[in-house]
Amino acid sequence: MGYDLHITRKENWLDASQAIDLDEWLEYVDADPDLQHDGFAETPVANGAVLRAERDGICVWTGYSGGENAENKAWLMWNSGSIVAKSPDEEVRQKMWCIAQALGAKVQGDEGEYYGEDGRMIEAATSEVTSVVRELPPNSKRPWWKFW
């Protein structure tokens, strides 16, 4: 399935506010010589067939080295006001950070964590867990089975 990273202006990439407009994304792509707006992404699958996804806002980073496999491509897709990359490596995360800076946005993972200039996580997501603590009067005794 993969893990997505999002270039977003939202507090959390799932929120419905402060979206990056598709036209704004495509304008940025036109100005970046290392990005190409194809409107589709293709990849070979196990049986030799080709999986193809078509959607306005899908772009490829032509400057990507390919990571561990030189045939890999770095696809960036506009989706619901964010720019998304599936399972990006450190090189792609660095490029995403540069794009985010130009768009006044940030790079955020599916779990809410943020990524910095070097492509590494800079802030982990925090969960808001609330615990309730009941104070017992001093010297009060409880049966052992009610301790937990």
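1. Overall make-up. The chain contains 2 helices and 10 strands. Going along the sequence, these elements come in the order β-α-β-β-β-β-β-β-α-β-β-β. Please keep in mind that the model is predicted.

2. The chain has 148 residues, and 33% of them count as buried. Among contacts with a separation of 6 or more, 53% are between residues 24 or more positions apart.

3. Leucine 5, as an example of a buried residue. Leucine 5 belongs to strand E1. Its relative accessible area is 2%, under the 20% cut-off, so leucine 5 counts as buried. What does leucine 5 touch, once its neighbours within four places in sequence are left aside? Its contacts are Ile83, Val84, Ala85, Pro88, Arg93, Met96, Val107, Gln108, Gly109 and Tyr115.

4. Salt bridges, in general. Side chains of opposite charge can pair when their charged atoms come close. How many salt bridges does a search of the whole structure find? The search gives 6. The next points go through several of them.

5. Lysine 86 and aspartate 4. These two residues form a salt bridge, with 2.9 Å between the closest N and O atoms. The pair links distant parts of the chain, since lysine 86 is in strand E7 (residues 82-86) and aspartate 4 is in strand E1 (residues 4-8), 82 residues apart. Is aspartate 4 buried or exposed? Aspartate 4 has a relative accessibility of 15%, and because buried means under 20%, it counts as buried.

6. Lysine 95 and aspartate 32. A salt bridge joins the side chains of lysine 95 and aspartate 32, at 2.7 Å from N to O. Lysine 95 lies in helix H2 (residues 90-102), while aspartate 32 is in the loop between helix H1 (22-31) and strand E2 (35-37), so the pair ties together parts 63 residues apart in sequence. Both lysine 95 and aspartate 32 are buried. For lysine 95 the relative accessible area is 13%. With its neighbours within four places in sequence left aside, lysine 95 is in contact with Asp32, Asp34, Leu35 and Trp61. Its salt-bridge partner, aspartate 32, is therefore also on its contact list.

7. Glutamate 90 and arginine 120. In this salt bridge the closest N and O atoms are 3.4 Å apart. Glutamate 90 is in helix H2, and arginine 120 is in the loop between strand E9 (114-115) and strand E10 (121-123); the pair links distant parts of the chain, 30 residues apart. Glutamate 90 has a relative accessibility of 32% and counts as partly exposed, because that value falls between the cut-offs of 20% and 50%.

8. A network around glutamate 42. Salt bridges with shared partners join Glu42, Arg52 and Glu54 into one network. Glutamate 42 is located in strand E3 and is partly exposed, at 36% relative accessibility. Apart from its neighbours within four places in sequence, glutamate 42 has contacts with Val50, Leu51, Arg52 and Trp75. Glutamate 42 and tryptophan 75 are 33 residues apart in sequence, and their C-alpha atoms are 9.4 Å apart in space.

9. The largest pocket. Its volume is about 910 Å³. Which residues lie nearest its centre? They are Ala41, Glu42, Thr43, Lys73 and Trp75, out of 29 lining residues. The elements that give two or more residues to this lining are strand E3 (40-44), strand E4 (50-54), strand E6 (74-79) and E7. By type, the lining divides into 16 nonpolar, 4 polar and 9 charged residues.

10. Cysteines. The count of disulfides is 0. Is cysteine 59 buried or exposed? Cysteine 59 is buried, with a relative accessibility of 0%. Cysteine 98 is partly exposed, at a relative accessible area of 42%.

Conventions:
Residues are numbered from 1 along each chain as its sequence is written. This is a predicted model: local features need pLDDT of at least 70, side-chain atom pairs count only at pLDDT 80 or more; totals for chains, interfaces and linings use all residues. Side-chain values use heavy atoms; hydrogens and water are left out. A salt bridge is a side-chain nitrogen of Lys or Arg within 4 Å of a carboxyl oxygen of Asp or Glu. Helices (H or I, at least four residues) and strands (E, at least two) are DSSP runs, numbered from the N terminus. Buried means under 20% relative accessible area, exposed over 50%, partly exposed in between (1.4 Å probe, protein chains only). On a 1 Å grid over the protein atoms alone, a cavity is a set of points where a 1.4 Å probe fits but cannot get out, and a pocket is an open set with protein on both sides within 12 Å along at least five of seven lines; lining residues have an atom within 4 Å of a point. Grid points are joined across faces, edges and corners, and a volume is the space filled by probe spheres set on the points. Ala, Val, Leu, Ile, Met, Phe, Trp, Tyr, Cys and Pro count as nonpolar, Asp, Glu, Lys and Arg as charged, and the others, Gly among them, as polar. A disulfide is a pair of cysteine sulfur atoms within 2.5 Å. Contact means heavy atoms within 4.5 Å.
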